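Look at the sequence and the structure first, then read on.

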Amino acid sequence: MAAARFAIPAAVVLALVLPLLVSNFRLFQFTQVFIYAIALLGLNILTGFNGQISLGHGAFYAVGAYTGAIMMDRWSVPYGWTIPVGGLICLVVGFLFGIPALRLEGLYLALATFALALAVPQILKYFEHWTGGSQGIVLSKPPAPFGLPLSEDQWLYLVTLAVLIVMFVLARNLLAGRIGRALVAIRDNPLAAEAMGVNKALYKSLAFGVSAAYTGVAGALSAVAIAFVAPDSFNVFLSISFLTGSVIGGLATISGAIWGALFIQFVPNWAQAISKAAPWAIFGLFLIIFMYVMPFGIAGGLRLLWNRLTRRRS
Amino acid sequence: MEIFFQQVVSGLATGGIYASLALALVMIYQATDVVNFAQGEMAMFSTYLAWQMLQFGWPYWMTFLVTVSVAFVLGLVIERVVIRPVENAPILSIVIVTLGLLVILNSVAGWIWTYIQKPFPSPFPAKPIHLGAVYVGSHDIGEISVMLVMLLLLFLFFRFTPLGLAMRAAAQNPVSSRLAGISVSRMLMLGWGLAAAFGAVAGLMVAPIVTLEPNMMGGIQLYAFAAATLGGFTSPGGAVLGGFLVGVVENLVGTYVKFIGTELKLTVALAIIIIVLLVRPSGLFGRAVVRRV
């Protein structure tokens with residue numbers, strides 16, 4: 001797409017100069033946006049591209065975060081390792097969860113994953129020996145290496161940005177090729193896809209695994225960035241906010257993950273000024289309104305707008 | 001042995017709550033193929049309305065009637081305004097819309113009435129009743145009776161009234177019903193209204209036990225999902241039985257399986273849902289849906 005050729009480098013440049021422009025606190029918020037964006041991209045691979053509804057991605061986020069936290073806290077593993085390991089463990093967990101999920105279509109999958117989302121905090125509290133129970137695990141933020149003149153938040157911001165770019169490039173390559181086409185084919189017409197020789201069971205579990213891996217990477221990053229994990233931050237509303245983000249950003253789009261992440265990070269902040277309950281009321285309202293008027297989210301809306309503008313010009 | 005019976009009886013009591021919420025879910029599922037994720041929150045919201053009326057000093061049973069009627073109307077309105085526009089949309093859109101409804105109701109309740117737990121009165125006397133060696137709380141007995149009466153009324157309504165027949169017809173075969181002069185969309189609205197009213201009763205009955213707060217229905221709705229899955233989303237009777245079964249299982253497992261206790265309650269529901277979906281996706285009494293491709 002012509003728009004992408006200018007937009008992507010511009011966005012990367014903007015992201016790189018951002019640490020010079022804003023305070024550490026703002027920067028931390030943007031780190032959070034990038035982390036959400038990775039998770040949303042993961043959910044989008046599953047729900048947007050493959051059509052499997054997951055209301056329980058908070059569970060994989062939790063697995064990633066706790067994997068990272070336990071590695072750093074118990075075994076003093078350097079934080080850099082926790083990110084790929086968190087992803088790998090979630091890949092396996094997601095793939096395994098994807099196998100029974102094969103038999104569950106549509107609503108039933110939504111139900112099962114919703115139940116998973118509700119049960120996560122309890123499970124985390126139960127394994128108190130590992131997870132620290134409801135107290136959670138307190139970590140410390142890593143300083144910038146090689147004596148770079150950066151604050152902890154600035155360094156984490158850059159690390160997260162790097163991971164984000166890698167994950168987005170990987171996702172783009174995965175989805176633009178053979179595998180991506182197979183995933184979309186299964187979503188749009190499973191029978192026809194199978195008739196064309198697509199191994200439905202394999203691809204669907206694979207989608208689950210990859211999706212969980214993305215979310216796990218995001219979870220591990222969040223443990224590093226926030227330097228704290230506790231069971232109640234992985235409740236069902238986290239899963240719902242992931243879904244909200246991917247719907248509002250735009251299902252089945254890659255750039256939608258960024259828009260969605262900006263939305264779920266900043267809108268609650270603004271809404272909090274009105275009332276403690278307002279963020280969720282606004283989330284709900286946006287969810288419903290987007291379903292009615294903009295089912296392809298912000299990314300879809302922008303694409304439509306761009307197409308319309310360029311057509312008029314030519 | 002006494003402990004066993006004690007647990008079975010209190011399991012039946014909580015099971016009654018699950019059963020009625022499960023029935024509400026199934027009613028909507030049968031009519032519209034939608035699993036209403038906001039069912040529990042609709043019940044919670046109605047219960048808050050009841051609490052408000054009681055604060056005004058209204059007598060309990062008047063509050064009860066008014067709440068159930070208001071919930072009925074609320075259900076009608078929600079179907080008409082929120083659900084109708086996405087009626088024929090893909091499942092994902094409908095799931096998302098009902099989830100949107102869930103968070104809106106939850107946060108609006110928190111907004112108006114705060115997140116502080118509120119005690120909610122029971123209409124039944126506080127004295128427990130002796131049944132042989134087993135003590136049963138009168139609220140438990142009263143609650144089971146209310147639920148059974150509601151179920152009976154519902155059964156009679158669907159089985160013996162022309163309107164009930166029309167609703168069943170609309171759910172089973174919308175096209176033929178429309179040709180026979182039934183307004184299918186009106187029947188769907190009515191279905192949502194009835195489900196909401198039913199949910200409201202469940203909310204009123206459960207609030208004295210769990211105390212009123214915006215998140216009180218979260219776990220209960222999960223159990224209702226488990227009940228509906230176990231009984232079968234296509235079978236109202238099955239869902240009711242599933243509700244009682246799940247209630248009893250929950251209590252027995254909590255008592256006798258030491259490593260689960262009460263800390264993993266929600267995980268038990270998760271396990272029930274996943275096992276049933278894997279072993280017998282249509283549930284114990286549901287029929288498998290055959291689709292032509």
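## Helices and a chain contact

In this predicted model, α2(A) and α7(A) count as roughly parallel to each other, because angles under 35 degrees are classed that way. The axes of α2 (residues 24–49) and α7 (residues 152–176) of chain A cross at roughly 20° and come within 9 Å. The crossing of α2(A) and α7(A) is left-handed. On the α2(A) side, the residues that meet α7(A) include Phe28(A), Phe34(A), Ile38(A) and Leu41(A). On the α7(A) side, Leu156(A), Tyr157(A), Leu164(A) and Phe168(A) are among them. By class, the contact of α2(A) with α7(A) has 19 nonpolar residues, four polar and one charged.

Another helix of chain A is α3, residues 57–75. Its 19 residues, at 1.5 Å each, should span 27 Å, and the end C-alpha atoms lie 27 Å apart, which agrees. Of these 19 residues, 14 are buried, so α3(A) is largely enclosed by the rest of the structure.

Which residues join the two chains? Chain A gives 37 residues to the contact and chain B gives 37 residues. On the side of chain A that touches chain B, the elements giving two or more residues are these:

| Element of chain A | Residues |
|---|---|
| α5(A) | 107–126 |
| α11(A) | 236–249 |
| α13(A) | 278–293 |

The most comes from α5(A), with 14 residues. By class, this side of chain A has 30 nonpolar, five polar and two charged residues.

Key: Residues numbered from 1 in each chain as written. Chains lettered and ligands numbered in written order. Predicted model: local features only at pLDDT ≥ 70, side-chain atom pairs only at ≥ 80, totals over all residues. Contact = placed C-beta atoms within 7 Å. Helix = DSSP H or I, 4+ residues; strand = E, 2+ residues; numbered from the N terminus. Nonpolar A, V, L, I, M, F, W, Y, C, P; charged D, E, K, R; others polar. Expected span 1.5 Å × (residues − 1). Buried ≥ 20, exposed ≤ 12 C-beta atoms within 10 Å, placed from the backbone. Axes fitted to C-alpha atoms, helices over the stretch in contact; angles between N-to-C directions. Parallel < 35°, antiparallel > 145°, perpendicular 65-115°, else oblique. Left-handed = near helix turned anticlockwise from the far one by under 90°.
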